[in-house]
Amino acid sequence: MEPSQEFKIVTLGEGRVGKTSLTLKAARGQFHEDERSTVNANFLQKDITFQGNQIRLHLWDTAGQERFRALAPNYYRGAKGAIVVYDITDKSSFDRVVSWVKELSMQADKDICIVIAGNKCDREKERQISKAEAMEYARKVGVLHFDTSAKTGMGVEEIFSELGRLVYEVQMKKNPGTGERGYKSRKGKKIIIKKEEEVQKKKDCC
Amino acid sequence: MGKKQSKIPCSYSDIDLLFQTKKQKQMEFFSKIEGFSEMSCEWIPYVRDRLAKYNKYIWTEELTRFVNTWNAHQDVRSKIALAWLFYMRSTQPKPKKQITRTQLRNYIGQCRTFTILLENDPYMTLVYDQLAKDKSNALYQLIQRFGAALKMEFTNYHPSKTRIELKEEVIQNSAYHAELLTNYIKGFISILTDSLNKFYLNLDQHIKPEAQELIATHAVLSGEILELLVKTYFVALKSDQDEYSEHLRRLKGSDLHSLSLDESLRINNGEGYFDAIKNLVDISYSTTLTDILDKVSQYSNNIKSSIDNHNPDKNILLETDKFLEISMLLISKASSPNLPTMMKIAENFLHPYFKSQEMEYVITTIQGAVGLLKTCSA
């Protein structure tokens, strides 16, 4: 079945928090250690169904290393949803969540839907961020928070389904007439050419 | 000296007669086709009207002159197109080539590309081939005229010159002219897209509107128009290009050991990725937008294949950090001369059909890797 809507979703977070594993688990239902060959996990797709509509999420992985930090805006440009991931066993990764959410609110699309994932919940004993603290922060900034584990699959399906639903609702509210596959033709776009008078002047000269 | 007589004696009147007979036969054939006699030639006044809306731009003058030479009463151009569609419908077309999905994926890569769409849709192939290759097609001629008009405006145009030489004023104010050219091309694509449905009657039944725009975009961005675009963008992006060239010179012969790639991904210091390196080189010499995007798609696919071949027993998770680092290594090895320019064109003219898709992701990553070369030490 062809999807009726397609949306771009980015995963953000510090290196080694498990954002790639999370998208891989969501898209293929597998943890990467189960795979036998190279897994191209930087771009994946996940189909979800909401109210009878087939929705396809294009999952864009982003670089986690600090030295690639400046490239992030290139990746989240045009994204309709973002999953900000932190590792519950690493406090510093949660601190980065705060700056990611701030940055997304300021620089990404105005209507971007953000959710936070506290990953590696299979290692509950090593937890450094209490669930209450994380939930309180999420409530404060008005986003949803999920506990996830890419290894066991806990919360993975839920976070993607919920984000897909949120994005779908926001986009439908914004563009009720969006065509099939969420495609918008260029036809309606106004073509702006700066310094029009200059062109006219040149034309007159010739 | 050097001029030989033709082996077949043939006068101009013979040639005229030949074409007249051919035209007569065509008309006889087309008259048997359903819808032929009812079909109006409204596409000609339609193109004129659309051009009139852009009449403040210089390029429309040339095109309007050209369109005014078309005679709507004796027009067979759109009728030929109709006959083709009729023929396609009556023969229950199959995809152009009978190839397996795996073969196609190996050739093109994993991304959704225009070539894959063409391979799977004979109607799209027919219309694209006519717009991009069929010299007798009126819309093909219109595209060529548009290209000629652009050359007149942006270059020191002379029919005897084969190389495109930008006008001094274009070079001096390159950013403005690059934007102007981009808008001209997008404007023309819009006119062409709208005209398609008038030219090929009932085209909507066979090809979705967004795919029609896609065909128009790829048909326009080839040959001389793309060459002019590359030249103009290259000048407009001079500082980026110079910086990129400088980093390539600095990193020449280096294996970029500052990257955190282990041997399983480094693969003989990048030499193992020879297909992907070749793709990067080929991007610079592409003559169509389709070609550029195919190479981008193949590049991504070839990286994965090389890792698979080199590590048959390992499970490797190729995430964005690693993909970026591999790209940095391969870009420094490929030394593709105008990669930033080509990627900017790919980005600016990437059709909404491919937006947010893997194609856009790979373009973003290559652009990111180009920008990160400055952070590499030799």
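Does A:F94 count as buried or exposed? At 5% relative accessibility, A:F94 counts as buried; the term means under 20% relative accessible area, with exposed over 50% and partly exposed in between (1.4 Å probe, protein chains only). This is a predicted model, in which local features need pLDDT of at least 70 and side-chain atom pairs count only at pLDDT 80 or more, while totals for chains, interfaces and linings use all residues. Residues are numbered from 1 along each chain as its sequence is written, chains are lettered from A and ligands numbered from 1 in the order in which they are written, and side-chain values use heavy atoms, without hydrogens and water.

**Confidence**
- The predictor gives the complex an ipTM of 0.85 and a pTM of 0.85.
- Chain B has an average pLDDT of 85, and 83% of the residues score at least 70. pLDDT is the predictor's confidence in each residue, from 0 to 100.
- Among the elements of chain B, helix α18 (residues 339-348) has the highest mean pLDDT (97) and helix α5 (residues 101-108) the lowest (49). Helices (H or I, at least four residues) and strands (E, at least two) are DSSP runs, numbered from the N terminus.
- Residues 104-109 of chain B have pLDDT below 50, yet this stretch has 20 contacts in the model beyond near neighbours in sequence. Contact means heavy atoms within 4.5 Å.
- Where pLDDT is low, predicted coordinates should not be read in detail.

**The sheet of chain A**
- Six strands of chain A form an open sheet with mixed pairing, in the order β3-β4-β1-β5-β6-β7. Two strands pair if DSSP finds at least two bridges between them.
- β3 (43-50) and β7 (144-147) of chain A are the edge strands, each with a single partner, so one side of each has no neighbour in the sheet.
- Neighbouring strands are turned by 25° against each other on average, direction ignored.
- Strand β6 (residues 113-119) of chain A runs parallel to β7(A), and four bridges join them. Here A:V115 stands opposite A:L144 of β7(A).
- Helix α1 (residues 19-28) of chain A packs on the sheet and touches β1 (5-13), β3, β4 (53-61), β5 (81-87) and β6 of chain A. The direction of α1 makes about 50° with that of β3(A). Axes are lines fitted to C-alpha atoms, for helices over the stretch in contact, and angles run from 0 to 180 degrees between N-to-C directions.
- From chain B, helix α19 (residues 358-372) lies across β3 and β4 of chain A, at about 15° to β4(A).

**Aromatic pairs and charges over rings**
- The count is 21 aromatic pairs over all chains. Rings of Phe, Tyr and Trp (its six-membered ring) pair if their centres lie within 6.5 Å; planes under 30 degrees apart count as stacked, over 60 as edge-to-face and the rest as tilted.
- A:Y86 and A:F94 have ring centres 4.8 Å apart and planes at 70°, so the pair is edge-to-face. A:Y86 is buried, at 0% relative accessibility.
- B:Y57 and B:Y184 form a tilted pair, 5.6 Å centre to centre with 50° between the planes. B:Y57 lies in the loop between α2 (43-53) and α3 (58-68) of chain B and B:Y184 in helix α10 (residues 174-199), so the pair ties together parts 127 residues apart in sequence.
- Both B:Y57 and B:Y184 are buried.
- One aromatic cluster includes B:Y54, B:W59 and B:F146.
- A:K8 lies over the face of A:W60, 3.7 Å from the ring centre. A charge sits over a ring if NZ of Lys or CZ of Arg is within 6 Å of the ring centre and within 35 degrees of the ring normal.
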